[in-house]
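Please look over the structure shown here before reading on. The text below walks through a few of its features in turn.

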Amino acid sequence: YIGYLQLVNRVDTFIFLDDVHFIKKGWIHRNQINQHGQAVLFSIPLKEASQNRLIHEIYVDDSFPQWREKFFKTLEQSYKKAPQYPAVLP
């Protein structure tokens with residue numbers, strides 16, 4: 001996520017916390033992409049996500065492999081004309 005990279009670049013110390021509780025309706029597994037000039041929310045499916053678990057105990061649920069296909073197709077449709085798309089996608 002470019003916002004994190006920009007933030008990390010601007011501070012002396014940046015700490016990623018993965019030993020704190022997962023927030024179910026937070027931004028840990030959700031984000032937005034720009035699609036046709038509008039922000040579109042996407043979520044990554046998670047296994048047994050619970051606010052009683054720590055972030056590093058939560059894993060992506062790959063029992064729905066089609067989510068990755070759909071997500072990358074959406075990325076391609078939204079950003080394929082961006083100048084750095086071919087370099088960034090891999």
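The paragraphs that follow take up a helix and a surface patch, then a hairpin, then a loop and the salt bridges. The model is a predicted one.

Start at helix α1, which covers residues 2-10. V8 has its place in this helix. V8 is also part of a nonpolar patch on the surface, together with Y4, L7, V11 and F16. Taken together, these residues have about 450 Å² of accessible area. The relative accessible area of V8 itself is 34%, so V8 is partly exposed.

Next come the strands β1 (30-35) and β2 (38-43). The two run antiparallel and are joined by six bridges. One of the pairings involves R30, whose bridge partner in β2 is S43. β1 and β2 form a hairpin, and two residues lie between the strands.

H36 is in the turn of this hairpin. Its phi is positive, about 55°, although H36 is not a glycine. Most residues other than glycine have a negative phi. Is H36 buried or exposed? With a relative accessibility of 75%, H36 counts as exposed, because the cut-off for that class is over 50%.

A second residue with a positive phi is found in another loop. E48 lies between β3 (46-47) and β4 (59-60). The phi of E48 is near 45°, and E48 is likewise a residue other than glycine. E48 has a relative accessible area of 64%, and therefore it is exposed.

How many salt bridges does a search of the whole structure find? The search finds two. Side chains of opposite charge can pair when their charged atoms come close. In one of the salt bridges, the side chain of E48 meets that of R53, with 3.4 Å from N to O. E48 counts as exposed at 64% relative accessibility, while R53 counts as partly exposed at 25%.

Another salt bridge joins the side chains of R68 and D62, where the distance from N to O is 3.0 Å. R68 has 36% relative accessibility and counts as partly exposed. D62 is partly exposed as well, with a relative accessible area of 43%.

Technical notes. Residues are numbered from 1 along each chain as its sequence is written. This is a predicted model: local features need pLDDT of at least 70, side-chain atom pairs count only at pLDDT 80 or more; totals for chains, interfaces and linings use all residues. Side-chain values use heavy atoms; hydrogens and water are left out. Patches are made of residues with over 30% relative accessible area and no salt bridge: like charges are joined within 9 Å, nonpolar side chains (Val, Leu, Ile, Met, Phe, Trp, Tyr) within 5 Å. Accessible areas come from the Shrake-Rupley method with a 1.4 Å probe; for residues, only the protein chains shown count as cover. A salt bridge is a side-chain nitrogen of Lys or Arg within 4 Å of a carboxyl oxygen of Asp or Glu. Helices (H or I, at least four residues) and strands (E, at least two) are DSSP runs, numbered from the N terminus. Buried means under 20% relative accessible area, exposed over 50%, partly exposed in between (1.4 Å probe, protein chains only). Two strands pair if DSSP finds at least two bridges between them.
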